[in-house]
Amino acid sequence: MKWKSVLRPRLRLVTIAGALVIPAVVWAQAQTAQVIAVRAGRVFDPRSGTNVTNQVVLITGERISDAGPADRVQIPAGARVIDLSQATVLPGLIDGHLHLTDAAGGLQHQMMVALYSATQSLNAGFTTQVVMGSHGGGYADVELRKAIESRLVRGPRLLVAGPVLDITTPGNDTFPLDFKPFRPNIVANGPEAMRAAVRELAHYGVDHIKMTTTGPFVFKPNGDMVNQALPSLEELKAAVDEAHRRGLFVATHSYGGDASKGRSKCGRMNRAT
Ligand SMILES: [Zn+2]
């Protein structure tokens with residue numbers, strides 16, 4: 001039993017030394033490799049609405065750690081420098097409402113449409129996109145977000161809703177009756193079914209829920225809109241409650257009237273037509 005008393009302190013010493021060395025290496029790498037300095041000829045400042053000239057933007061990890069005139073912002077030793085001194089630099093744009101799919105063709109087609117849409121958006125300067133329902137694309141947006149996050153493909157940061165949550169009603173289906181390649185939306189009727197649908201969406205990894213709360217609408221000659229609220233207040237409350245329990249927000253396809261009144265009674269809901 002004597003060896004234990006000799007060995008244990010040594011093991012402890014080695015463990016402590018290892019614990020100190022590894023973070024030091026990681027810290028050193030973070031200090032050098034992860035800092036990117038962008039020399040910008042012009043930077044668009046959205047607060048003032050003007051272009052400011054001869055700027056440096058420092059990016060540490062995934063965050064902008066400093067930005068300002070080149071004579072003030074010091075570029076750390078070892079930083080990777082991107083020279084855009086002959087160019088204009090724009091902050092990443094955020095699109096708060098879009099659909100990456102086009103509701104035509106099958107899932108495989110939708111996946112390619114989603115990838116094309118996201119890639120084009122990134123090339124146009126959008127670095128974050130809030131996808132308000134995958135029109136006819138099932139979970140194409142969720143899969144694309146995963147592919148981007150795992151760096152399989154390049155694209156903007158995506159917040160996704162997956163298929164839109166609907167009740168049964170005429171006009172809610174994106175496809176005519178004779179062409180329905182797969183279930184484009186999740187159709188749920190009744191509070192418990194709403195809860196189950198939200199759980200299914202959460203299970204497949206959505207960031208938020210998109211619901212249709214206004215059905216087809218027409219305008220009277222005087223310009224007033226006539227529309228129909230789709231889910232009952234009980235259904236709406238159930239969906240919102242279930243989503244909030246999972247930390248998800250709910251956005252609605254809503255054109256005012258009773259649908260909007262119901263939405264306002266359910267607390268945290270975004271209007272998103
Ligand atoms: Zn929309």
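Guide: Let us begin with helix H3, residues 140-149: 7 of its 10 residues are buried, so the helix is largely enclosed by the rest of the structure. Please keep in mind that this is a predicted model.

Visitor: Which residues of H3 are buried?

Guide: They are Ala-140, Asp-141, Val-142, Leu-144, Arg-145, Ala-147 and Ile-148.

Visitor: What do the buried residues of H3 pack against?

Guide: Their partners are helix H2 (107-123), strand S6 (126-131) and strand S7 (157-159).

Visitor: Why is Leu-144 counted as buried?

Guide: The term buried requires a relative accessible area under 20%. Leu-144 has a relative accessibility of 3%, and therefore it counts as buried. This residue is found in helix H3.

Visitor: What does Leu-144 touch, leaving aside residues up to four places away in sequence?

Guide: Contact means that heavy atoms lie within 4.5 Å. By that criterion Leu-144 touches Leu-100, Met-111, Ala-114, Leu-115, Ala-118, Val-153 and Leu-158.

Visitor: What makes Arg-151 exposed?

Guide: Exposed means over 50% relative accessible area. Arg-151 has 71%, so it is exposed. Arg-151 lies in the loop between H3 and S7, just after H3.

Visitor: What is the phi of Arg-151?

Guide: The phi of Arg-151 is near 65°, a positive value in a residue other than glycine. Asn-54 is not a glycine either, and it has a positive phi of about 50°.

Visitor: Where is Asn-54, and is it buried or exposed?

Guide: Asn-54 belongs to strand S2, residues 50-60.

Visitor: What share of the contacts in the protein chain with a separation of 6 or more joins residues 24 or more positions apart?

Guide: The share is 61%. The chain has 273 residues, of which 36% count as buried, and its secondary structure comprises 6 helices and 14 strands.

Visitor: What volume does the largest pocket have, and which residues are the closest to its centre?

Guide: The largest pocket has a volume of about 1800 Å³. Of the 42 residues that line it, Ile-59, Glu-62, Gly-92, Thr-127 and Arg-157 are the closest to the centre.

Visitor: How do the residues of the lining divide into nonpolar, polar and charged?

Guide: The lining of the largest pocket has 22 nonpolar, 10 polar and 10 charged residues. Glu and Arg count as charged, so Glu-62 and Arg-157 belong to the charged group.

Visitor: Which domains contribute to the lining of the largest pocket?

Guide: Domain 1 (34-89) and domain 2 (93-271) each supply at least three residues. Among the elements that each supply at least two lining residues are S2, H2, S6, H3 and S7.

How values were computed
Residues are numbered from 1 along each chain as its sequence is written. This is a predicted model: local features need pLDDT of at least 70, side-chain atom pairs count only at pLDDT 80 or more; totals for chains, interfaces and linings use all residues. Side-chain values use heavy atoms; hydrogens and water are left out. Buried means under 20% relative accessible area, exposed over 50%, partly exposed in between (1.4 Å probe, protein chains only). Helices (H or I, at least four residues) and strands (E, at least two) are DSSP runs, numbered from the N terminus. On a 1 Å grid over the protein atoms alone, a cavity is a set of points where a 1.4 Å probe fits but cannot get out, and a pocket is an open set with protein on both sides within 12 Å along at least five of seven lines; lining residues have an atom within 4 Å of a point. Grid points are joined across faces, edges and corners, and a volume is the space filled by probe spheres set on the points. Domain bounds come from an automatic or database domain assignment.
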